[in-house]
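Follow the stops in order.

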Amino acid sequence: MLLKKADPREVALALLNRSTSAVQVACVLVDKEGRIYSWGWNGMGSTGYGEHAEQAAVRRASRARLEGSTAYVVARRRKSRGVVTSKPCETCQRLLGGVYRVVYRDREGWYEL
């Protein structure tokens, strides 16, 4: 049986429902071969402090697969479900340093850093 590869943008959009924050953010990491290997959403995290979606995805990821990966990041307002620009903050950009591409969404569509 052949499994169709999931579109990481669609997976990221579906993960938004897991966030309980006012601004819901999700991140999906895809390896060089196009396989999803990690994901995360913003929330309180295991430390009790706020955790960004990118941090959660990297925390769950295999470090060996980070190099050359692509990160897909999406965000929206929980109440209105309105699109929020999801370009990663400077801290998360540094955290994603080994990632080759970062794809994020705003009201106009998908963009690459």
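Start with a distance. Select the backbone oxygen of alanine 57 and the side chain of serine 38: a polar atom of that side chain lies 2.6 Å from the oxygen. This is a predicted model, in which local features need pLDDT of at least 70, side-chain atom pairs count only at pLDDT 80 or more, and totals for chains, interfaces and linings use all residues. Residues are numbered from 1 along each chain as its sequence is written, and side-chain values use heavy atoms, with hydrogens and water left out.

**Serine 38**

Stay on serine 38. Its strand is S2, residues 36-41 (strands are DSSP runs of E, at least two residues; helices are runs of H or I, at least four; both are numbered from the N terminus). Is serine 38 buried or exposed? It is buried, because its relative accessibility is 1% (buried is under 20% relative accessible area, exposed over 50%, partly exposed in between, with a 1.4 Å probe and protein chains only). Now show its contacts (heavy atoms within 4.5 Å). Beyond neighbours within four places in sequence, serine 38 touches Cys27, Val28, Leu29, Ala57, Arg60 and Ala61.

**Helix H2**

Next, select residues 53-60, helix H2. Its buried residues are Ala53, Glu54, Ala56, Ala57 and Val58.

**Alanine 61**

Move to the loop between H2 and H3, where you will find alanine 61. Alanine 61 counts as buried because its relative accessible area is 11%. Leaving aside neighbours within four places in sequence, its contacts are Leu29, Tyr37, Ser38 and Leu66. Check tyrosine 37: its C-alpha is 6.8 Å from that of alanine 61, though 24 residues separate the two in sequence.

**Salt bridges**

Now colour the charged side chains. There are six salt bridges in the structure (a side-chain nitrogen of Lys or Arg within 4 Å of a carboxyl oxygen of Asp or Glu). Select aspartate 31, which is buried at 7% relative accessible area. Arginine 35 is partly exposed at 43%.

Which arginine pairs with aspartate 31 at 2.5 Å? Arginine 65 does. Aspartate 31 sits in the loop between S1 and S2 and arginine 65 in helix H3, so this pair ties together parts 34 residues apart in sequence.

Notes
Polar contact = N/O pair within 3.5 Å; in protein donor to acceptor, adjacent residues only side chain to side chain.
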